[in-house]
Amino acid sequence: MAEELEKILSQLTEPDNAVIQQIRQSAAVMLRLRVKKHWKKISPEDRESLKAVVLQVFMQETEHTVQHSLSQLCAVMVKHETPDRWPALLQLLNQATKSSNPRDRQVGLLLLNKVMDANPEPFKPHYCQLLQLFSTVLQDHNNPTALYYCILTLTSITAYTGKEESNQMRAIIPSLIVALQHLIKADQRQAGEAMEVLNELMDTEMSIIVPHAAAIVRFCLEVGSDATLSDSLRVKALSCIAFLIKLKSKTVLKQKLLNPILQSIFPVLNAAPRPGEQDPEDAEDDSGDGTDNDNPKHCAAQIIDTMALHMPPEKLFEQLMPLTLTSLASENPYERKGGLMCLAVLAEGCADHIRTKMLSSVLQTVCQSLSDSNQVVRSAGLFALGQFSEHLQPEVSQYCSELMPLLLGYLSSLNQAKVGHVTKAFYALENFMENLGADIEPYLPTLMDTMLSALNNAENLKIKELAVSAIGAIANAAHQLLVPYFLPVIESLKGFLTATTEEMRSLQTQSLGTLGALARAVGNDVFGPLAAECVQLGLNLTDTIDDPDLRRCTYSLYSAVSTVSPDCLTPHLTAITTVMLLALKSSEGITPHVEEDKTFVLLDDDDDDDDNPDNEQFLEDEPATDIHDASGYIVENSYIDEKEDACDALGEIALSTGVAFQPFLESSFQQVYKLRDFPHEDVRTAAFGAMGQFCQAQHKVWQESPTEANHQVLQKLLDVVLPCFVEAVRMENERQVVMGVLETMNNVMKSCKEEVFKDPSRLKEISNVIRDVLKQATACQGDDSDETEDEEQQAEYDAMLQEYAGEGIPLVAACVPADSFAPFLNDVLPVLLSKAKSSCTVADRSFSVGTIGEILQALVSVSGGQRVASKLSKRLLPVLVAGVRDSDSEVRNNSVFGLGCLAQATGPICVSDYPMMLSVFSNMLTRESNLRVIDNLCAALCRMIMTNVEAIPLEQVLPALVAHLPLKEDLEENKTVFSCLAMLYTHRPDMVVNLMKPIVAASSHVLGSKDVDKETEHILVVLMKEFALQHSADFQAAVTSLPVEQQAKLGAAVSTS
C-alpha cells in the first residue's frame, strides 16, 4: 500500500506540460479513491506524510483542474481525520484565505469550499471565525472567483449554523447581495450557482432574511427583469421570490412588497418572445407537446400562483386585478395572453374568492378569448378554461349549457395539423367534462362520435392519444351512461393495447389508463368478462417492456379491476406485488447531483477485498448522502410517478381484495413505510395514503374473521401508522402532504372507529395535533407569530388545511365516550366559533357551523353525549341561529343541520327553545329558494319531532313538512325523514294517514333510487306495507293517482316478503 501511494505521489510532483497536467489530475483522483476506500490500512506515519505532501503539492499547483481534484482529495482526508487532527490544513486555509495575493486567496477559498462542502459539521467550532473571513472576502469585488467560492462555502454551512452565528449571518446579507451583483457581471453561470445561498438561508433560518427581505426582493426583481441576462439566471432570481412568498407571505405583505413585485413581474409575464422565436408553450414540436420549460415568463406566472396559494385573496386581488384587466384589454396579443395566464394560475389558490365573487365575469372573459384572432391568446384561454374547470367546481359546471357547445364547436373547427393547439383544446374539454357527472348525457352522442372517429380515422398518433385520454375523462363523468359505447371503445383500443412498436408506446400507455377508467365506470356486470384478460395483458406488458410510464398505468389498471372484480386479481397478486415492490425499492431516475471529476477509470486494481467490486467504475465520489436528502438529488419524473402510483394501487388493492392480500401485507407495508420521508412530496402523500388503506384493509379482514390474531395485526399496524401520521402533521413542511395525511387519518377513524383509540394515549395525541392545526402551530403553517394583524384574513389553502383537521373532530367524537372527548372539544371550540363571525369568509363560516353540526350529530350516539351537548347549548344556539340568516346558502344549510342536531343531541334540555326554533324555520320555509337548504329544514324538523314529539304542534308542522317532500338534493336525509314518519305512524297514526297521498307519492320517488341506502329503503318499505295492510283503500287510492312507473315500483315493494 505504501509503495503504491509513493508511486501516485511521485506522479503528482511531475514537472509541468499539458500531458503531465493530465497525469497529475488522474493521480489526484486515483489517490482520492484509494484514500476513500483504504484509509484505515494506511499506517499513521504514512498518513502524516501524505497529508504534508498533498498540502505542499496543492499550494505549488498552478493548473485549476488539478487544484480542483486535490481539494477534493483533501475533503476525503478530512472526513477521516477531522479538522482538529490536521492543524497544518487549518493553518494553510487561514494563511491562504487572508493572503494579500489574489491568486492565493482564490486557491485557499477553493480548498476551503471543497473541504467544508464535504464536512460542514466538524468545522462548527470555527464558524464565527469563518463568518468574519466571509465578511471580508465579500468586499473583494475585483476577485470574482474568490467571491464565488466564498458564497458556495457560506451556502454549505448555512444549514448547520445556530443562534450563536445568527447575528453575524444577518450582518453579512447586505455585502452578500452586492457581491452577487458583481459576480453577475463577471460570470453569470457562477452567479446562478451562488444565488442558491438565498434559498438556503430562507429554508434554514428565516429570521436572518426577514430584516433584509425588501433588499433581497429588490435585487431578485432587478435580475429577473433584466432581459440582457441569461434565462437561467433570471429564473433563479424569480424562483427566490416565489420561495420567499411561500415561506413568509405575511412578511411580504407587511413590508409592502406585493405591489413592487407585481409591477416588476407583469412586464416579464407579458413580454413578447425574441424576434423569430415563440414561447415554449406555444411552439409546435413533432409530438405536439409544447413543453413549458423553466423560463422567466413561466416563473413570473409561478410567482402569482404562489401568491394565490399563500396570501389572502382580498389583499392579492386588490393590487393584482388592475394590472390583469389592463393586460386583458391590451392591443398586444402577448399582454392579453399574460392576463389570461394570470387568471389561470389564480384558480387553484383563490378558488372560493373567484367562485363566489367573480366567476361569471372571468368565464365571460375566457370564453371571449377563444375567438381571439391570435392563436397565442386562444391557447392561453384554453389553458385558463382547463384550470377553471379543475378548480372552480361545482359552480363552473353550472355553465355547462354555454361551455360544452362552445368547446365542441371549437374542437370541430381545429386544424389537426396544429397538434400543440389541439392538445390545449383537449385539456380544456377533458377537465370540464370530467366533473359534469350525469349532466354529460345530452352531449354523449356527439362526444363519443368525435372520439371514436378520431381513434379510427386520425393519422396523427398524438390526436389518437388525446381522444383515448378524453374517453377516460368521459367515463369518469358518465359511469353507466357509457355502457352503450363500451364495446366499440374496447374494439378501438385493442390494437393500441397490443402494439409492439416504440412509436406506439405513448398511445398504448394512455390506452391502459383509459381501460382502468372504463372498468370503474361500467362496473363488474359489463367489465367483468374482460377483467382476467386485462390483468394478464398488464403482466405480459411489464414482462416485455421496461418503461416506468407503462408500468404505472398497469398498476392503475390492476387497482381499478380490484374494485370491480377482485377475484380476477387474486391469482396474480404475487406477480403484481413483486413488480410494484421493485418499483418502490428502485432508485432509478434518482441520481446524485455532485460536482465531481468525470474522467473514466480504466482499472482500479485494489477492489479484491471490497464487498462490492463494482462500486467504483467512475472517478466520481458517490456522496455519503441518504437517498432522502432531496437537495443532493435530481429526480426524474416518470420514476417518481411510478412510485406514487404503486403506493396508490397497493393501498386500494389491499382494501379491495381483503383476506387474499394478507400474505403480501407485511412486505408491502415495509416498503411503503420507508417512503414516508421520500424527497418528493407526491410520493410521501401516496405512502401515507397507502399506510392508511392497509389499516382499513386489516380492519375489514378482522371484521369478517374476528380472530385474536387478526385483531393483533390491526393494533400493531395502528401502533406504527398513527404516530407516523401525528408526527407528519406536526413536522412536515408541505401543506399538500399534511392535507393528505389528515384526510387519510380521517378515513382510518371512519373505518376503524373505536379501534383507533384502544391505546389510551392515542386520543390525546390525535386531539392535540388537530388542535395544533386549528391554532396554526404546525411546521407547514410557518412561524408568523410576529405577524399578528388581520388574523381573520388568510390564504384559502391555509383555511383548507384547517378544514381537513376540523373534519377529524366529529370523527373523534363518534369514537370515544363524550366525557373523554369534552376536554378536547373545550379546547378547540373557541377556534371554531371565531370562524363563524360575519366578517369571516364564506368558507370559514360554512366550515365552522358545519363542523359544529357534525360534532353534535356524533354526540347523539355516544355515551354521555347528551350531557356534553347540553352544557354547550347556550353557546351554540345563537351561533347557529345567526347562521340560518346568513346570505350564503351553504352557511344556511349547515346551520339548519346544526340546529336539528342540537335539538337531537340535547334531548329535553332544548325544549324551551323549540318555539323560537320553529318560528325561525317557519320564516325560512316561506322565503328559502335553495333546494338543499329546504331538504335540511325538513330533516331538522324531523329530528326535533323524534326527540321531543310532545313539544311540536304537529297539526301545523307535519303538513308543511310533507308538502316539501320528496327531498330534492340532500337525499341522505331521506333516512331521517322516513324514520320520523315511521315513528309518527306509531305515535299519531291518524295524522300520518291523513297525509298518506303526498307521503306515498314522495316514497315512490325514493324507492329504487341509487342514492338511497338499504336501511332507508327498508324503513320506507315497512311503512308502505303497514299502509297497504291497515289502510288498503286509502293506500290504493294514493297509488293509483301516480304515474304507471311509480305505481309499479310501489306494488313491487309492497309485495316483497
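His-479 comes out partly exposed, with a relative accessible area of 41%; the label partly exposed sits between buried (under 20% relative accessible area) and exposed (over 50%), worked out with a 1.4 Å probe on protein chains only. This is a predicted model, so local features need pLDDT of at least 70 and side-chain atom pairs count only at pLDDT 80 or more, while totals for chains, interfaces and linings use all residues. Residues are numbered from 1 along each chain as its sequence is written, and side-chain values use heavy atoms, with hydrogens and water left out.

Back at His-479, phi is near 50°, a positive value in a residue other than glycine. His-479 sits in the loop between α25 (461–478) and α26 (486–497); helices here are DSSP runs of H or I with at least four residues, strands are runs of E with at least two, and both are numbered from the N terminus. Gln-776 also has a positive phi, about 55°, without being a glycine. Its place is the loop between α36 and α37, and Gln-776 is partly exposed at 28% relative accessible area.

Two cis peptide bonds turn up in loops as well. One runs from Gln-393 to Pro-394, with omega near 0°, and Pro-394 lies between α21 (375–391) and α22 (400–412). Another joins Leu-965 and Pro-966, with omega about 0°; Pro-966 belongs to the loop between α45 (954–963) and α46 (974–987).

On to the inside of the model. The largest nonpolar core holds 361 residues, and Leu-176 and Ile-261 have the most contacts inside it. Such a core is a set of buried Ala, Val, Leu, Ile, Met, Phe, Trp, Tyr and Cys residues joined through side-chain atoms within 4.5 Å. Leaving aside neighbours within four places in sequence, Leu-176 touches Leu-138, Ile-151, Leu-154, Val-197, Leu-198 and Leu-201, where contact means heavy atoms within 4.5 Å.

Helix α38 (residues 808–815) has seven of its eight residues buried, so it is largely enclosed by the rest of the structure. The buried ones are Gly-808, Ile-809, Pro-810, Leu-811, Val-812, Ala-813 and Cys-815. Their cover includes α35 (735–752), α36 (760–774), α37 (796–806), α39 (818–834) and α40 (842–860). Helix α40 is also where Val-860 is found, and that residue is partly exposed at 35% relative accessible area. Beyond its neighbours within four places in sequence, Val-860 is in contact with Cys-901, Gln-904 and Ala-905.

Helix α44 (residues 931–947) is mostly covered, with 13 of its 17 residues buried. At 1.5 Å a residue, α44 should span 24 Å, and its end C-alpha atoms are 25 Å apart, which agrees; the expected span is 1.5 Å times one less than the number of residues. At the start of α44, a side-chain oxygen of Asn-930 comes to within 3.0 Å of the backbone nitrogen of Arg-932.

Side chains of opposite charge can pair when their charged atoms come close. The count of salt bridges comes to 44, taking a salt bridge as a side-chain nitrogen of Lys or Arg within 4 Å of a carboxyl oxygen of Asp or Glu. Lys-124 forms one with Glu-165, the closest N and O atoms being 3.8 Å apart. This pair links distant parts of the chain, 41 residues apart: Lys-124 is in the loop between α6 (102–118) and α7 (127–137), and Glu-165 is in helix α9 (residues 163–186). Lys-124 is partly exposed at 29% relative accessibility, whereas Glu-165 is buried at 2%.

Arg-730 forms a salt bridge with Asp-772, with the closest N and O atoms 2.9 Å apart. Here too distant parts of the chain are linked, with Arg-730 in helix α34 (residues 708–731) and Asp-772 in helix α36, 42 residues apart. Arg-730 is partly exposed at 29% relative accessible area, while Asp-772 counts as buried at 12%. Finally, Asp-279, Glu-281, Asp-282, Lys-297 and Lys-337 are linked in a network of salt bridges.

Conventions
A polar contact is a pair of N or O atoms within 3.5 Å; within protein, one must be able to donate a hydrogen and the other to accept it, and residues adjacent in sequence count only if both atoms are side-chain atoms.
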